[in-house]
Amino acid sequence: MRWISGFILCVLLFGCETKKPENTLFKKVTTEHSGLTFRNTITENETLNIIDYEYLFNGGGVGIGDFNSDGLPDVVFSGNMVTSRIYQNIGNLQFKDVTSSSGIITDAWCTGVSIVDINNDGKPDIHISTAHDLFLGNTKNYFYLNETESKEEIKFRNLASEMNIADSSYTMQAVWLDYDRDGDLDLFLANNSKEEYPKNNAFGQRKDGRGKSTDKLYRNNGTNKNGILQFEDVSREAGISIEGWSLGVAVMDINGDQYPDIYVANDFLSNDVLYVNNGNGTFTNKVSEYFKHQSHNSMGIDVADINNDGGLDFLVLDMFPEDNLRRKTMFSEIPFDRFNSSVKAGYQPQFVRNVLQVSTPSGFSDIGNFAGVSATDWSWAPLIADFDNDGLRDIYITNGYKKDITDMDFVDFNNSSNVFGSFEEKRKALVDQLKKMDGVKKSNFFFRNRGQNKFENETDTSGIQVPSYSNGAVYADLDLDGDLDILTNNIDDEILLFENKSTDVKKDNSSYLRLKFNPNAENIGAKVWVYSKKGKQYGEFHPQRGYLSSVEPFMHFGLGNAAIIDSIRVIWPDDTTTLLQNVDTNQTIAPIKGNSKIEVKISKKLEKAYLEEIAPPLDSPYVHQENTFDDFKKWPLLFRGYSRPGPILLGGDINGDGLEDFFVGGTANNPASFYVQSANGNFVKSPFQKSQDEIRSENSAGCFFDADNDGDIDLYLANGSSENYAHPDLYQDILYLNDGNGFFNMETDALPKISFPTNTVVPLDFDKDGDEDLFVAGRLDPNNFPFSPRSYLLENDQGVFTDVTEEVSPELLYPGMITDASASDINNDGWLDLILVGEWNPVQLLLNKQGRLALDLGDNGLKNTHGWWNCIRAGDFDGDGDMDFVAGNWGLNNPFYATGEEPLRLYAHDFDKNGSIEPIITYFNQGKEYILQARGTLMKQLPLIRKLTKNYHDYGEKTFGELFDKEKMDSNSIFKAYELASMYFENTGNGKFRKTPLPEQLQWSPIFDFIDIDINGDDAMELLSVGNFMNTEILTGHYDAGIGQTLEYNQTKGEFELIKSSKSGFDITGEARSLLRLKSHSDDELIILGLQNDTLRYFRKTIPLSKNQ
């Protein structure tokens, strides 16, 4: 039984009555009223139990259809150990169980319910998927053909065998699509399987069709001589060959080519699959081309436009908890090695959290953390729909699991029970423990869409707060009042029916439009655009949604207080279109298919973007290369690494020929290089380092400046990276002097000794003596994290630099872990001031008092700006004659949040008094301050935790203050972050700043660089920004949602606004570190982008320079 411990780790990856709010959006309908008595009861036995069968509590589905054509939606529930049941809607949210007379009898372990009118007779049929029988033997799927006469007794007949779709795979759900566009519906089966090995072992995903969990595609070949439709398994020839332990599946047209595509959400380590339709009867998996990462234990999926931008967005669920107790009992430690080995085996990165993948011009970006929907515990069905009819689609999520086998205290018990005793004794002990185990019985979630890609958790106030083990769910207007009600299939409890009261509670702001579609070949896949004063809404008709379920055969659009719809456009699966104009709201329409075909216009060219990407203008390609140093093996308590600072980019005319050249920094044991611009605009590589010792360091910053006042530019090269923690000599910065012809020589005695990683170099003539001095900032002390390293103010004396920090600005000796700085005359007194940003640091302003720099502690608007800042860029953005600045922070698309009242904290203390510092990060969860790190990870560094907490449950319940006495800690060893948003700081004069968050899309990822450039010829500077960060511990996951953004300043509003990438032409994926702007040979401007482990990218302006430029 030792295997169960491994299985559980694999699953993870690694009393008081409260008064309910009145006038809630939803109202629970009692079983006594509804008559919906179905309960999916699971009875464990010797064959079927959670020890031997990991999918025991994965539940069943729900399906909606008007089975007797009386205008009322009926419902069917699939049962696992109980028979599936069908209920007829008799009005007023009341239902009658008609199972016994309907012909629907199931004696297998049923999973998904898929509703379709397969024979186009206007009557919805039912496909019920099966996994196995009650002895885990193979069973066949059911297909019930609807033989009900209109408004008569509901009757079905199982024709699965006759139709050749009585498939005996372990099927979770069936979806219908006309993949070959021949006018009939084909069948796709999302399959799972029982395996004899741990499903999270990184064997590599089999792609040859031989995996037991490979999905299947059945082509509809039309009817036989008896009039019965015949299906043929064409999986192999269609390219459906990739194994995956499928739980969810959705159909959509992801690329707009009118061919249906398929997304399969796979459990455990098996990557999700995106089968893109090639239009020739075959599919190709392109999941890694469209998505940068995935959820790890993917469960249910829904696809809809959540932000009304006209693009489809994907919500895939996982099992990351919202509360600290569940998080700490679910994860023992952070499995770095498991993650790295899976990536090496070819798996795309996966993280244990829900992902909300929103469409962007360059693919999809996961903004689940930003949106507030990433943590909903053991989740199953996501349903995206406009439940409050305000024009924005909301989210309902089911969750729960009857036996919490992810509980690490149970894992510890199982490990200890396997030491002694016979097999029978061990098994009995385990069974007894499981009987006492609590389940994850929580309320399902409701998130209201607040616009701007933000959702508000209204679970406690919406009327749906009922603890349950919920699985499949659907939405449908069951009472025909114009809003969407909710039904869920629950384990061991009766179903949940929530009546939507939107049209009652919000009478004046709850307009709607409902479009009725028969779920047949003529309609499935139809695309609808609705235009009103609420803007544009888009949707596709695919009833199979969420988890194991089929929603109502309607498309529902909330319209707020709109009375008239400007127009409705439908594109049907056969490319014909229908246009309706000036349509009244608050009605249901069955659109009629038109005769006109889609018009393809090719004469009108798209408006030219301001920037265009060009081929590398280099004589030899450059590729940034990092080594495989692992920060987390050395510093496992950190949530991010510090070993990958580059590539750095610098620009300037190094040889005096009037053409700007550029410099690219090197990584450890990879040389830096100049690229010299030639007369034709190409760049020629020019290496300059003369010894192996010069390339051992990792370049982390630099600058061109005239160090020796001889009229040419010299090079200061800073060295950093945490990987050289044991070799401080590799942190020595270097000065290279230019001979005037572009040849550089290292000056060994020009700089003082530097023994810390530096990340910032700023030239500034702080003493106004006519030469360039330097501020050089320490990034971190890798052997004393997170305490401040040394920083340096270096005075220039004829090309030799002296450390004058203590004499001129002692506050710069240890200013923190500085990431960037800017020298600007903030107060217009003629002296250059200095602004610093850093990690766990506030924004710091040092004013120049006639050659002495002093920290400004006045009321300057920079109080409590402590953050995880990465970069800063100064400029007079509002054109009022003083210097403002923008600062790149860590962003808001992460599992952490920080405020003045509930900051992130880092306690740097020798907790066990062994002579070493343990950096413990804390965060606030539900109003209390908890340790961020997992118990197992922290115990390895601080064994004292084992004594302070008796088990994982105890660790999850205890706050930081209950474990350690904060009052006894030095306040200087407590670091705080109050702000994670990237910001615009407007200089309002009189030494004060006003801060404003930068636009939403800049908060999707950490920002690492800005440049200002006039890209549209209006003589005003726009801003380009880049970011993303991948070197994180894997429970936090990659920050990869950023796509590069372009901003323009709105003088009227006094803030920056986003220029869409379709207009700017600037669209970047990848881990960007640096931006460089320089003049090309033809006086055009060239933009160069530096990315981690990638080639450089190049953009040029398409708009001619203005006269003023």
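Strands β43 (649-652), β47, β51 (758-764), β55 (817-824), β60 (871-875), β68 (1007-1013) and β72 (1072-1079) each contribute at least two residues to the lining of the largest pocket; strands are DSSP runs of E of at least two residues, helices runs of H or I of at least four, numbered from the N terminus. The model is predicted, with local features requiring pLDDT of at least 70 and side-chain atom pairs pLDDT 80 or more, whereas totals for chains, interfaces and linings use all residues. Residues are numbered from 1 along each chain as its sequence is written, and side-chain values use heavy atoms, with hydrogens and water left out.

A pocket is an open set of points on a 1 Å grid over the protein atoms alone, where a 1.4 Å probe fits, with protein on both sides within 12 Å along at least five of seven lines; lining residues have an atom within 4 Å of a point. Strand β51 supplies the largest share of the lining of the largest pocket, 6 residues. Of the 48 lining residues, Leu 649, Gly 702, Asp 820, Arg 873 and Asp 1009 are the closest to the centre of this pocket.

Aromatic pairs, defined by ring centres of Phe, Tyr and Trp (its six-membered ring) within 6.5 Å (planes under 30 degrees apart, stacked; over 60, edge-to-face; the rest, tilted), number 70 in the whole structure. The ring centres of Phe 688 and Tyr 736 are 5.0 Å apart and the planes lie at 85°, so this pair is edge-to-face. Phe 688 belongs to the loop between β46 (683-686) and β47 (698-705), and Tyr 736 to strand β49 (residues 734-738), so the pair ties together parts 48 residues apart in sequence.
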